Structure formats: C-alpha cells, structure tokens
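User: I have a model open and want to learn how to read it. Can you take me through it feature by feature?

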Amino acid sequence: MKKAFVMIVAMALLGSTVACSSGQSTPSAGGSSNAKSEGAAKKVELKVFLGGLDRFRDQFEKYFAEFAKKEKKEKNIEVTINTEYPGSDNSTQILKTRLATGDVPDIFSLHAVNDIPDYYKAGYLDDLTNQPLSPKLIDGIKSLVTIDNKVVAVPMESLAWGYLYNKKIFKDLGIKPPSTLTEMKAVVQKLNDNKIKPFMLSYKESWIPQLFLPLAIGGLGNSSHKDFVDKMNKNQGSFADVKEMFGIIDLVNSNGTDRVFEVGNDDGAADFAAGKAAMWVQGPWDADSLLKANDKFEFGVAPLPINDDPAATLINVSVSTSLAMASQGKNKEVSADLLNFILDDQASNDLYQGLKFNPVSKNHTFKPYPWVEDASVFVNKGQSYKDPQIPAAVKDESGKALQAYFNKKMSADDVIKDLDKTWKDANAVANKK
C-alpha cells in the first residue's frame, strides 16, 4: 500500500431528536427457480440499528441489498433487513433501552473506544474472533475492537482528526495550520481582517460542541496532564486542572458563524463546503456530506491547538463507528454472514470508499483520501494520541454543558462542577458492575 496506508497502520497502533427511519427494509432477493431446485427458502428478518448514520443511508441500503442477493444465492435464505437510523444525540439511550427490555437488534452500531467496554461487561456483545472477518483486520485497528482477547465488533471508521480547514481560503491568505493557541489567534485575526468568518458553529446537536472534550483532554492528557484520566477515574482529579481548555473554546465561540443553535451537522456541512467559514471543529467523518454539498471542495485536517505548548497540539486517532452482533440476537447465523460481508475482500472496497472511510482490512486496496494524507503528516511525526477513554455519560453531558456555556447559561466554573460530578457518578455506576 501507499504511504497513506502505512499511516493507517501506524495511527491505529496508537488508537442520538430521534430520527428513526420508518422501518425501512432492504428487499430480499427473489428467484423462484432457486426455490424450486433447492426447496423452500428460509426467511429471516434482520434488525439493524445504525445510530447517527443516517447520512450514509443510501450506501448502507445498497450494500445490504447486495448481501440479500448473495445470501439467497449461496444459502437459499431470503433476508429482509429492517434498518433504523436514530440521530446521534439519542441513539445511545435508545439502544440501551432496547437491549435492556429485550427488544434486541441483531446488529447495532457503537463507538469502539467509548462503548465497547461497557457493552461487553453488560454481556451484549457476541464473540466474533473465529469469524472469517477477524484475521483480515489491520492489527492496530483490530486491537481497538478487541477486549479480553476477543474481537467483538467490526470497525467501520478509523479516524485521524482535529479540526477541518478550507484549503483554498488558507492558500489564498497564505495561512498554515497553527501549532499554538497564540498562532491560532493570529490566524483568526487575519481571517477577520479579510472579512472571512474563522469558525463554523453548529451547536443545534449537542454532540458537536462535545467534540472539544476529547480534543482538549487528548492534547493536555498527552502533554502536561498525563495522569488526568487516571485521576478522574479514581475521583482524585477535577476539570479545574485543565481549565485552560476554555481558551480555545472561547476563541472559537467568539469568532464563529451566526444562528448557532439553528445549525446542525447537515446544515453546517453545507455551509462549510460553501465557504462560509474557514475552519470547523469537526472530523473527516463528514467528508461524504461535504463532498455531496460541493464535489470540488478541498478541506484539510489539522490538530487543534489547546494552549501555547506545541506538544499539546496533537491529532486524535481512533476507531469510532463499529458494528456489533447482539449476544441475545435471534438470527446469529445471518448476522454473522452480514458482518463478514461488511469486510468482503472485493465488495467492501467500494463500500468503504463510498462511505469515505479509511481502510481497516489487510485486503482493502483502495487509495485513501487527501485528508488522510494531511493527518498522516502529524501522525508520522508522532504528533498524535489514542482517543482518550472518557465515560460516555461525561461526553454526553459535556455537549449539553458546552451548549449552555455558549448561551451564557453556565460559566466555566459551572461546567467544571457539572463534569466533575458526572464523572464521579459514572465511576460509582462502573464500580457497582
């Protein structure tokens, strides 16, 4: 593979309003001649829960239809796939409720780094170690979906992210991605002087301002506050220790676009691709939406400066979206077949490329995208960190708190107290398990 593929291996070695579909189904493959020659086809209804992935509905539905044809041809099983696409802000709670009440999806999406430990401990994840997909995984990426030496999910998005920037605007003004907060202030000043909004703000959905949390904790936790997460997990730390993170948050908030709480991810992507701001604290998971809005749009990825220490300006490396098979699922044979098809040696190249995701399989041969090359520059220099493992409850609460902070309904000290309490509560819950 090319240099970018080498980067993927290197970086991996480091790393829910409900918007449900109305039970959209992928039609099963027909073929009366097969049914006659092989006997009556077995009929299976597969429930697939894809939280926060509605923007990829077309790609998934097309791929699932291909799977249904394959399953009918090879096993004479007629598969109907019922998909759900709840929004990011609510999908986690919906999924947990479904699992706890026995309304179990056969396959569901979850965040590899943040969710796998809790879902595994709760007994919700089936073991995929002996499935054909397992040995295909790039070793470092495989480690992020493995727990107790068991592969428990199929990785979809392997990421290297920080913030996105408009390459044309940066080039036209002779700007380079800054390595310190002071340098970022100078970039912001130059953009303002040229009547260009420095940052896209889209806080309608709380998961977007939440992105400041892993970036800040990742940068500081891998430079000046290396024991922060450990101390918080032991109830010995406080967000007051990393209060400096509000420096970049304040800079972004005071130099952004208008209608902050009217703009969500989709509108933000369209506006950013239209050149309405030079930077966006967002990740390359929005590549598909950006390029659908403007297929000529060129964006880069760079690490977000947190303070004036260049050692804290780092790229976040992770596997986010992954697909798991429910341990209590009723259709495990077909579920396993679908997950194996997700990493089919030939077909999955088109799927992952269509989703604008990075290679995760040793058999993926498609060329990664330009923004991967951008991030690889930092990763290959060692300027990256594995996405910090922060309790899901803390991440969820941080999004709501930072919305309130922007709206001046909470002060920085209020946010600190709120997040400290949420982390302690999460520790208490974890210690009971």
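Predicted model: local features only at pLDDT ≥ 70, side-chain atom pairs only at ≥ 80, totals over all residues.

User: Where does Asn 316 lie? Is Asn 316 buried or exposed?

Analyst: Buried means under 20% relative accessible area, exposed over 50%, partly exposed in between (1.4 Å probe, protein chains only). Asn 316 is part of strand S13, residues 315–319. Asn 316 counts as buried because its relative accessibility is 0%.

User: What does Asn 316 touch?

Analyst: Contact means heavy atoms within 4.5 Å. Not counting residues up to four places away in sequence, Asn 316 touches several residues, including Trp 161, Leu 215 and Tyr 385. A polar contact is a pair of N or O atoms within 3.5 Å; within protein, one must be able to donate a hydrogen and the other to accept it, and residues adjacent in sequence count only if both atoms are side-chain atoms. The side chains of Asn 316 and Tyr 385 make one of 3.4 Å.

User: Now a loop. Why does Asp 54 count as partly exposed?

Analyst: Asp 54 counts as partly exposed because its relative accessibility is 36%. Asp 54 sits in the loop between strand S2 (42–49) and helix H3 (57–75). Its side chain has a polar contact of 2.4 Å with that of Arg 57.

User: How is helix H5 placed?

Analyst: Helix H5 (residues 112–121) is largely enclosed by the rest of the structure, because eight of its 10 residues are buried. Among them are Asn 114, Asp 115 and Tyr 119. Just after H5, Gly 123 has a positive phi of about 80 degrees.

User: How do I describe two packed helices?

Analyst: Give the angle between their axes and the distance between the axes. Axes are lines fitted to C-alpha atoms, for helices over the stretch in contact, and angles run from 0 to 180 degrees between N-to-C directions. The axes of H9 (residues 212–221) and H17 (residues 392–406) come within 9 Å and cross at roughly 110 degrees. Therefore H9 is roughly perpendicular to H17 (65 to 115 degrees; under 35 is roughly parallel, over 145 roughly antiparallel, the rest oblique). Phe 212, Leu 213 and Pro 214 of H9 meet Val 394, Lys 395, Ser 398 and Leu 402 of H17.

How values were computed. Residues numbered from 1 in each chain as written. Heavy atoms only, no water. Helix = DSSP H or I, 4+ residues; strand = E, 2+ residues; numbered from the N terminus.
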